[in-house]
Amino acid sequence: MSILVVLEPHNDGLKRTSYEAIGAAVAIANGSAVHGVAFATNESQGAHAGKYGLTSCMLVNTPECNSQQSSNIAAAIADAAASVGATTILFSANSFGKAVAPRVAIRLQAGLLADCVELSRTGDAVHAVRPVYSGKAKITVSANTACTVVTLRPNVFTAKPTASATTSCTVFTPTTSVTRSAVVTGHAKNEGTLDVSEADIIVSGGRGLKGPEHFHIVENLAKSLNAAVGASRAVVDAGWRPHREQVGQTGKTVSPTMYVACGISGAVQHLAGMSSSKIIVAINKDKDAPIFTVADYGIVGDVFDVLPKLTAAVSAITGK
Amino acid sequence: MNILVCISQVPDTTTKIAIAADGTSINPAGVKFILNPYDEFAIETGLRMKEQHGGSVTTLTVGPDTAKEVLRTALAMGSDIAVLVNDASRSDSFVVASAIAEYAAETSPDLIVFGRQSIDFDSFQIPSMVAELLQWPDVSTVSSLTIEGTTLKAESDIEGGKLSVEATLPCVISAQKGLYDPRYPKLPDIMKAKSKPITERAATAASARVTTNGMALPDSKRLNKVLGDSDSDVNELVRLLHEEAKVI
């Protein structure tokens with residue numbers, strides 16, 4: 001068996017989630033080749049993947065794939081998988097992976113293991129662990145098909161640079177094309193803000209902030225940590241913060257290295273979106289708030305008193 | 001415009017989860033089941049499109065007999081037709097997607113609307129699987145939508161921004177929070193919905209491609225080190241984050 005990793009470009013290299021997927025593939029490769037297929041990339045971006053242990057990289061640059069037509073991208077990935085005999089195809093479970101992986105699974109008649117947080121391999125069989133029921137349980141799953149398609153929860157798997165840094169990049173031209181596809185006509189980026197779903201550290205504020213005019217104390221702490229600002233559902237529904245910052249059910253699911261919850265009580269709907277964070281810090285004046293049950297570190301205190309002090313102490317270390 | 005809205009019944013987020021004797025599923029005893037929160041946005045989107053363009057709204061769910069409850073909610077909100085695909089096992093996403101695609105192939109809707117995700121398995125798979133099975137375009141996580149003639153224009157939320165996407169009907173979309181606020185059904189409509197017919201269909205012949213080998217409750221390995229709010233405690237927290245957790 002060989003493994004195919006689906007890669008997305010970013011600046012001079014690839015998105016961090018793509019390196020994570022390569023890391024996950026290398027960890028279960030056990031001597032099998034790990035191939036990459038990359039979209040809208042150039043040779044230098046593809047070559048970056050070699051530093052993380054990719055055996056070879058196929059670059060796809062068709063107009064249909066470059067305009068992000070998910071049906072054509074899925075067709076190209078299925079063709080690429082067939083050309084290298086890949087039986088395991090790995091994606092990040094980001095918006096791109098979630099849109100394309102199900103189509104690839106249908107094309108390859110493969111079982112799809114979605115949003116996985118652990119991956120292992122016995123012989124040719126790939127096993128994965130994934131959270132279900134808003135993180136209140138986890139299941140072990142495997143595909144009973146010849147091919148397995150996997151999406152990996154972002155910020156869970158680690159990319160490790162390897163000694164062998166050379167990857168052969170070749171241009172791959174898919175043979176299948178699809179006429180009926182949605183076409184991307186524009187891309188509006190949120191100006192100047194780090195997105196919670198891509199951030200390494202998140203500082204979130206809840207109803208304890210008492211009003212939108214007080215959120216600057218959350219923003220200041222976030223700045224000192226180079227973190228993204230998140231929000232609970234209560235403050236988004238109240239119109240204090242935009243929906244894109246909402247963490248939890250009906251918002252985003254995140255797994256940052258550190259999650260700091262400020263004035264958030266920790267309703268189940270909120271925990272559903274952040275309980276897989278690596279380190280959780282809670283600041284709340286109610287010592288019985290449910291957020292403390294999932295916290296590694298907590299401070300029982302008023303956010304208006306604690307956050308400025310915390311920001312000053314953090315800034316002394318980070319210089320920000 | 002004929003619209004197919006696909007919904008599911010899920011355990012309430014606040015419900016306690018216990019593992020069943022088979023070791024691979026939850027024990028449904030005592031679990032409160034609700035309409036998947038994202039599907040409220042999907043039903044509302046279907047109703048709005050009907051209001052704008054005419055036609056009818058059909059709501060479908062794949063599940064056990066008790067899932068009729070969520071179809072009654074859709075009927076009370078204004079859905080015209082309700083369909084239950086009788087499949088208590090719902091073995092995997094492919095089986096559910098196949099059941100929906102088979103119904104769509106028979107009835108040829110112009111638009112299929114899903115919620116962005118279901119909160120039980122959170123796998124975001126089914127809308128794009130249905131689209132691929134039908135060879136239709138799809139747009140996921142839609143936060144804004146206009147349809148003129150057979151042209152669909154939508155905004156799709158992605159990390160750090162939004163994509164503008166165009167597609168031609170028939171098309172599959174999944175609704176994001178913010179697309180439309182769901183209406184509350186009125187009491188007379190809730191009463192009327194109780195006696196409306198629900199069409200039942202047999203489960204698909206498609207078989208599962210994913211096997212669940214085990215289920216476990218997550219092991220909490222949290223440190224639970226809780227400090228006070230004095231200056232020295234705040235400094236101690238920063239020291240712990242710097243030296244012990246090594247996150248700053």
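**View 1. A strand of chain A pairs with a strand of chain B in this predicted model.** Strand β18 of chain A, residues 297-300, runs alongside strand β13 of chain B, residues 225-227, and the two pair in the parallel sense over three bridges. Within this pairing, I299(A) stands opposite L227(B) of β13(B).

**View 2. The contact between chain A and chain B.** Across this contact, 73 residues of chain A meet 68 residues of chain B.

**View 3. The open parallel sheet of chain A.** Seven strands of chain A form an open sheet with parallel pairing, and their order is β7-β11-β6-β1-β4-β5-β12. Strands β7 (111-116) and β12 (168-171) of chain A stand at the edges and each has a single partner strand, so that one side of each is left without a neighbour in the sheet. From one strand to the next, the twist averages 20°. One of the pairings in chain A joins strand β4, residues 34-39, to strand β5, residues 56-60, in the parallel sense over five bridges. In that pairing, F39(A) has V60(A) of β5(A) as its bridge partner.

**View 4. Helices α1 and α5 of chain A against the strands of the sheet.** Helix α1 of chain A, formed by residues 16-29, packs on the sheet and touches β1 (2-7), β4, β6 (86-92) and β11 (148-152) of chain A. The direction of helix α1 makes about 145° with that of β6(A). Helix α5 of chain A, formed by residues 95-107, lies across β6, β7 and β11 of chain A, and runs at about 170° to β11(A).

**View 5. The two domains of chain A.** Chain A is divided into domain 1, covering 2-171, and domain 2, covering 196-318. The C-alpha centres of these two domains of chain A lie 32 Å apart. Eight residues from domain 1 of chain A and nine residues from domain 2 of chain A take part in the contact. On the side of domain 1 of chain A that touches domain 2 of chain A, the residues divide into four nonpolar, three polar and one charged.

**View 6. The crossing of helices α3 and α4 in chain B.** The axes of helix α3 (residues 93-107) and helix α4 (residues 126-134) of chain B come within 9 Å and cross at roughly 50°. The two helices, α3(B) and α4(B), are therefore oblique to each other, and their crossing is right-handed. Residues that make the contact include F94(B), V96(B), I100(B) and A104(B) of α3(B), together with I126(B), M129(B), V130(B) and L133(B) of α4(B). By class, the contact of α3(B) with α4(B) has twelve nonpolar and two polar residues, with no charged residues.

Methods. Residues numbered from 1 in each chain as written. Chains lettered and ligands numbered in written order. Predicted model: local features only at pLDDT ≥ 70, side-chain atom pairs only at ≥ 80, totals over all residues. Contact = placed C-beta atoms within 7 Å. Pairing = 2+ DSSP bridges. Helix = DSSP H or I, 4+ residues; strand = E, 2+ residues; numbered from the N terminus. Axes fitted to C-alpha atoms, helices over the stretch in contact; angles between N-to-C directions. Parallel < 35°, antiparallel > 145°, perpendicular 65-115°, else oblique. Left-handed = near helix turned anticlockwise from the far one by under 90°. Nonpolar A, V, L, I, M, F, W, Y, C, P; charged D, E, K, R; others polar. Domains from an automatic or database assignment.
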